[in-house]
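Please look through the structure below.

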Amino acid sequence: MGDASVLLPFERRHAESAVRTTAAAAATVSESRAGQLIDLVSRRGDVMEASLDAESYPRLRDHLVRSILATATPERAERLFPGDPQQLLRPFGGVSLGSGAAGVLWALATAGTKVPTELVDWLEGAVPGMEGPGPGLVDGLGGIALVLDRLGRHEAAGRIWHEVEQAPLDRLGTALADGLPGLGLALLERAPFCDGEALCDRVFLIAEELVRRLEDGAHDLRRPGLLHGGAGAALFLLHVYEMTADRRMLTQAERALRQDLAFLGWVDLAAEGAPELWRNRPLLGSGSAGVAMVLHEALNHLDTPWMFQARDAIAAACEQRVGSHAGLLHGWAGTLVALHYLRTRPWDPPADRYAAIRPHLERLAHPAARARIPFVGLDASRSSADLSTGAAGVLVALEHLLGEGERRLPLFW
């Protein structure tokens, strides 16, 4: 692998390598990990302060990290951490970034935890036995390679990247979760890498294939949202536009966002009588919150009234409808991240940025709300540590909202 200090010329906000982790909150695996469940507040009322803010957050973060690590079962072959039942729907669900071990370990590293070696060994060892994973970011090899690089396993990550780079583009879909946009975003985030020119060429080839399908209507974007809808395609194309100034990228990004808003029942773009899902489902991965975040990015390049109106209306929906499910992609953690992202600017004073989400954090910290905090999956029947529906997603969100320094949002690299 190449020098980790080499960065692509279009690297956007941070010059730090994606493989760096800190040991500020080192934790070890509990000896009694098997059979333990995540019990953040319902059984440990002393953990949550009367108000949750940057000062009290480190205590909660440390407990979250310990609770997640306590659920690790490296002796099991099919999964390392408990997750939503969707883990079981495909052979590699227990390993992937969205629902499996890769996402949990990435969250721990993002929070400054020194991830135990045996857990990284498990992730590296699980990949060769996976059946049929594609190169996708959320559901496939691309996301796993990013996490292995982040954890310092560059040789193992390099083998996966080689397979990812050889994936035939004509066999991939057009959704971010497992298709062309996710593959492109994974390559843009890759670090370290050997050949920046070759990497850019691959990214541009992916973008050309995606644009061609969007222009021809030969895509599989049949539902809205960042993971499976037009917003994911638009997010990737906006990155490529910033690299190339190719207006076709911007045109198709706008078209994909219009389609998502139509699916979500947005005013003039939707069929008459369509339900206002943009108002009722302000979720990061599968609802309107992620769409609004991409609209926010698009407004850096487009002065389009309907984009402003939709972004601001969805931001209001995020403020009014913070749900009861946990998790980053399908729960309240992602809704709060979106609200913070849409209501504040990086240069705002910390107090102003915190004010945007303070009422919701105080509500979650209140004793009457503690029953909402055990991080069960979408079906509310089992504990989940995963990124999409469980404790790892909550950890990433709170670290972004309350942690020290700038934290990069997943998918919005």
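Apart from neighbours within four places in sequence, leucine 146 is in contact (heavy atoms within 4.5 Å) with Leu137, Trp161, Ala186, Glu189, Arg190 and Trp413. This is a predicted model, in which local features need pLDDT of at least 70 and side-chain atom pairs count only at pLDDT 80 or more, while totals for chains, interfaces and linings use all residues. Residues are numbered from 1 along each chain as its sequence is written, and side-chain values use heavy atoms, with hydrogens and water left out.

Leucine 146 lies in helix 4 (residues 141-150); helices here are DSSP runs of H or I with at least four residues, numbered from the N terminus. Leucine 146 counts as buried because its relative accessibility is 11%, buried being under 20% relative accessible area with a 1.4 Å probe, protein chains only. From leucine 146 to alanine 186 the C-alpha distance is 7.1 Å, although 40 residues separate them in sequence.

Helix 6 (residues 180-189) packs with helix 8 (residues 230-244) at about 45 degrees, their axes 8 Å apart. Axes are lines fitted to C-alpha atoms over the stretch in contact, and angles run from 0 to 180 degrees between N-to-C directions. Pro181, Gly184, Leu185 and Leu188 of helix 6 meet Gly232, Ala233, Leu235, Phe236, His239 and Met243 of helix 8.

Helix 8 is also among the elements covering the buried residues of helix 11, including helix 9 (247-263) and helix 12 (305-320). In helix 11 (residues 288-298), 10 of the 11 residues are buried.

Key
Helix = DSSP H or I, 4+ residues; strand = E, 2+ residues; numbered from the N terminus. Buried < 20%, exposed > 50% of the residue type's maximum accessible area, 1.4 Å probe, protein only.
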